[in-house]
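Colleague: I would like to go through a model feature by feature. Please give the general idea each time, then the case at hand.

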Amino acid sequence: MDLQLNDPSLLQTGLFINGQWLDREITLDVTDPATGKVITSVATASAEDTEQAITAASVAFDSWKMVTAKERAAPLQRWFKLIMENHDDLAKILTAEQGKILAEAKGEIAYGANYIEWFAEEAKRIYGDTIPQPSNDRRLLCIKQPIGVVACITPWNFPNAMLTRKIAPAVAAGCTVVCKTASETPLSALALAELAKRAGIPDGVINMVVGKASIIGPTLTASPTVRKLSFTGSTEVGKILLKECAGTVKKVSMELGGNAPFIIFDDADLDATIDGLLASKYRNSGQTCVCTNRVFVQKSIEKEFSAKLVEAVESRLSIGNGFAEGVTNGPLINKGAVSTVVDLVERSVAQGACILTGGSVSELGENYYQPTILGNVTNDMPIAQEEIFGPVAPLITFETEEEVIDMANDTNVGLAAYFYSRDIGRVWRVSEQLEYGIVGINEGIISNEMAPFGGVKESGMGREGSKYGLDDYLEMKYICMGGLDS
Ligand code: ADP
């Protein structure tokens, strides 16, 4: 498949270890979910390759940690600039392997690059502390130091940004990384590695392996050299990795699944709400961990709201190949993802939900699911209890603020929540009572590099982005200097 890139050498297919591109006999095909066509094949890593990447990262750490934050910032800034200069090519690669529309792919490239620019700057501000001493013969202080070799495991839904969100703070803080990207979408990651090399990030600081999770995963988690794991993916896999990391007591960051409520109170601006909901629910065809999973509508405005939403979905959303003009929603990542959505909708309809629009696989092909709205949903139905990861909005009604907060919090996860209201008292009450790591008020898209991203409960631990995001890659050391009286 010819992507017609300005720079075809961005389409790398090797393992990236110690600054070298390595071919391997065992490869995996990367397919375009929009067409089912193979884009190219990439080399896969064995356990030995993974060990080699860990060793390269460990050797590189010895020197990288000694480089000052200001000096580390320079190649990171060059990397950021190269990404922006190759914006169009990177977006094409992303759309081809992931399926999201080109405009969203462009958005992701810029969003992902912003983390690099941000952390290149922010690492210059890794401050310590002096602590008042308990006696005058000593002085106490805290310094922060990079943790060491970091393993990063990332999913396919944001093949670029999930990676930069980890690599940027880690590398800016002085750590080195071994990244395992999702098998569905390795090309965006490998293109990033190529640009990191061109930017002059030293060999071994960033290593990239692709291949079987069952081989690479346990090699990374069992290694005593890897001091930290940063994972984005499903709660199920996160729990496996947490157990594996216990063996070597690694520090972990987990960005796991969500079940985002989107609450519409009767005082909301309904047109703004529709805009926010379309963005929060249907972007990337519903395949983000912060995508709206449950839409709660106050009973008194249910009819008006659901009519407006059906009208908006039918007139404003259009599915198709992400490269085509006018398309707003691409395919889902694969047939398995579609089957999960089909199953969730079927089970919920069997329990009394009704289809207000959409509700089936599109005639465009097996990877396409129609933008869908379900009415008559209750909070105990499968569609409200499980993560949908597809373009389906289930509508649930509520009468009171207390009732909707209880329903919104009645889940084992807590990543993002959204609500629309113009009542300032309610805005504070609801924001504070929602058991979520991220709350959007009168906004459907709220993530950026300046703000902390992460969840509570089984949505994980740690924060990505913001001044807090660096702490995940730093150890605090307490230093007590004694014997000062003599
Ligand atoms: P998704 O539903 O987004 O595919 P997963 O949690 O299955 O979420 O996958 C996220 C990332 O974790 C991918 O890179 C995948 O290959 C990897 N992965 C899946 N299972 C394991 C495992 N047991 N050990 C290590 N990595 C894994």
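**Reading the model**

Modeller: Start with helix H13 (residues 401-409), whose buried residues are Glu401, Val404, Ile405, Met407, Ala408 and Asn409. Buried means under 20% relative accessible area, exposed over 50% and partly exposed in between, with a 1.4 Å probe and protein chains only. Helices (H or I, at least four residues) and strands (E, at least two) are DSSP runs numbered from the N terminus. This is a predicted model, in which local features need pLDDT of at least 70 and side-chain atom pairs count only at pLDDT 80 or more, while totals for chains, interfaces and linings use all residues. Residues are numbered from 1 along each chain as its sequence is written, and side-chain values use heavy atoms, with hydrogens and water left out.

Colleague: How should I read the spacing of buried positions in a helix?

Modeller: An α-helix has 3.6 residues a turn, so residues three or four places apart point the same way. In this model, the buried residues of H13 pack against E12, E13, strand E16 (392-398), H14 and strand E20 (456-457); contact means heavy atoms within 4.5 Å.

Colleague: In what order do the seven strands of the open sheet stand?

Modeller: Two strands pair if DSSP finds at least two bridges between them. Here the order is E14-E15-E16-E13-E12-E18-E19, with mixed pairing. Strand E14 (354-357) and strand E19 (438-441) are the edge strands, each pairing on one side only. On average, neighbouring strands of this sheet are turned by 25° against each other, direction ignored. Axes are lines fitted to C-alpha atoms, for helices over the stretch in contact, and angles run from 0 to 180 degrees between N-to-C directions.

Colleague: How many bridges join E12 to E13?

Modeller: Five bridges join strand E12 (residues 260-264) to strand E13 (residues 292-298), and the two run parallel. Ala260 has Thr292 in E13 as its bridge partner. Helix H14 (residues 424-433) lies across E13, strand E18 (416-420) and E19, at about 165° to E18.

Colleague: Is Gly375 buried or exposed?

Modeller: Gly375, which lies in strand E15 (residues 372-375), counts as buried at 5% relative accessibility. Leaving aside residues up to four places away in sequence, Gly375 touches Ala353, Cys354, Leu356 and Leu395. Gly375 and Ile396 are 21 residues apart in sequence and 7.1 Å apart in space, C-alpha to C-alpha.

Colleague: Which order has the open sheet of three strands?

Modeller: The order is E5-E6-E22, with antiparallel pairing. Strand E5 (129-131) and strand E22 (474-481) stand at the edges with a single partner strand each, so one side of each is left without a neighbour in the sheet. Three bridges join E5 to strand E6 (residues 139-146), and Asp129 stands opposite Cys142 in E6.

Colleague: What space lies in the largest pocket?

Modeller: Rolling a probe the size of a water molecule over the atoms shows where empty space is left. On a 1 Å grid over the protein atoms alone, a cavity is a set of points where a 1.4 Å probe fits but cannot get out, and a pocket is an open set with protein on both sides within 12 Å along at least five of seven lines; lining residues have an atom within 4 Å of a point. Grid points are joined across faces, edges and corners, and a volume is the space filled by probe spheres set on the points. The largest pocket holds about 1100 Å³. Its lining has 40 residues, with Gly233, Ser234, Thr235, Glu236 and Val237 nearest the centre. H8 gives the most to this lining, with six residues.
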